[in-house]
2 protein chains.
Amino acid sequence: MRRDVFQAIADPTRREIITLVSKQSLNLNAVAENFDMSRQAISLHIKILQECGLILIKQEGRDRYCSIQPKKLSEVADWIEPFRKLWEARFDKVDDILKKLKTKKNGK
Amino acid sequence: MRRDVFQAIADPTRREIITLVSKQSLNLNAVAENFDMSRQAISLHIKILQECGLILIKQEGRDRYCSIQPKKLSEVADWIEPFRKLWEARFDKVDDILKKLKTKKNGK
DNA sequence: ACCCTAATTAGAAATATTGCTAAAAAATAT
DNA sequence: ATATTTTTTAGCAATATTTCTAATTAGGGT
């Protein structure tokens, strides 16, 4: 059973949970209220997010408050980074073409 | 069957394929040579990557060359971006603390 | 026409994922 | 002590994923 960040954010429900919890610390019930899904299912998603280090759970009485551990997402950002050059380079090419067209126009 | 970029990059083999193909266009066999896995399995991974728009397949005779479509990864980058502030903000806080400690030291 | 190579499709198996309901555990309140 | 609230665990089912081997399709060369 792989339990890494890439796997964790593959599920849309889990991505929503991350977004929710990034705004404010919420207990499990509060998280579950935002979804049309049983608490048990949300509980499992939160467990997965915790296991891969994306959220931190702090017990307060009978509540467990979930907060984001955003640094963990840098693993994904770091993996993507080298590819950014490629997609931005392509924009540069379009820019180049547009610039040349403009120059031609002005030259007329 | 979800077939989105997040799902696609969740698999480590597929992430490796993306890295490989980002360096040079390769046909399926050439891709498969890099893995300890059957060609059929690689074929399926490539199909998934193609279906979600992460790679482009160009038929040349009996070969199918795979090349990267890096722009598609910006979907992931865009989703992560708002969280970057959070993890970088935390670094800023550490920076602040360090700066204050330094000032104190100098003040002695 | 026949063979080789590249790749996909089909069929099967193992395992993982995602969800449910019901029951149990743990903390708090009455 | 008993009831309530929050959360987890257990048991179950449906579906998806990942891999394999074997068979098929399709292009190119002899």
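Helices (H or I, at least four residues) and strands (E, at least two) are DSSP runs, numbered from the N terminus. This is a predicted model, in which local features need pLDDT of at least 70, side-chain atom pairs count only at pLDDT 80 or more, and totals for chains, interfaces and linings use all residues. Residues are numbered from 1 along each chain as its sequence is written, while chains are lettered from A and ligands numbered from 1 in the order in which they are written.

**View 1. The elements of chain A.** Chain A holds five helices and three strands, and, read along the sequence, these follow the pattern α-α-β-α-α-β-β-α. Of the 108 residues in chain A, 23% are buried, a residue being buried if 20 or more other C-beta atoms, placed from the backbone, lie within 10 Å of its own.

**View 2. Helices α2 and α4 of chain A.** The axes of helix α2 (residues 12-23) and helix α4 (residues 39-51) of chain A come within 10 Å and cross at roughly 75°; axes are lines fitted to C-alpha atoms, for helices over the stretch in contact, and angles run from 0 to 180 degrees between N-to-C directions. This makes α2(A) roughly perpendicular to α4(A), a term that covers angles of 65 to 115 degrees. From α2(A), the residues A:Thr13, A:Arg14, A:Ile17 and A:Ile18 meet A:His45, A:Ile46, A:Ile48 and A:Leu49 of α4(A), where two residues are in contact if their C-beta atoms, placed from the backbone, lie within 7 Å. By class, this contact has five nonpolar, two polar and one charged residues; Ala, Val, Leu, Ile, Met, Phe, Trp, Tyr, Cys and Pro count as nonpolar, Asp, Glu, Lys and Arg as charged, and the others, Gly among them, as polar.

**View 3. The contact between chains A and B.** Chain A and chain B each bring 20 residues to their contact. In chain A, the elements α1 (5-8), α2 and α5 (74-107) each supply at least two residues of the side that touches chain B, and α5(A) gives the most, with ten residues. That side of chain A has 13 nonpolar, three polar and four charged residues.

**View 4. The surroundings of DNA strand C.** DNA strand C is surrounded by 22 residues, the closest being A:Ser38, A:Gly61, B:Asn27, B:Asn29 and B:Ser43; a residue is near a strand if its C-beta atom, placed from the backbone, lies within 6 Å of it. Two or more residues of this surface come from each of α4 of chain A and α3 (28-33), α4 (39-51) and β3 (63-68) of chain B, with the largest share, four residues, coming from α4(B). The surface near DNA strand C has five nonpolar, ten polar and seven charged residues.

**View 5. The surroundings of DNA strand D.** Among the 22 residues around DNA strand D, those that come nearest are A:Asn27, A:Asn29, A:Ser43, B:Ser38 and B:Gly61. Here α4(A) gives the most to the surface, with four residues, and the residues of this surface divide into six nonpolar, nine polar and seven charged.

Definitions and conventions: Angles under 35 degrees count as roughly parallel, over 145 as roughly antiparallel, 65 to 115 as roughly perpendicular and the rest as oblique. A residue is buried if 20 or more other C-beta atoms lie within 10 Å of its own, exposed if 12 or fewer, and partly exposed in between; C-beta atoms are placed from the backbone.
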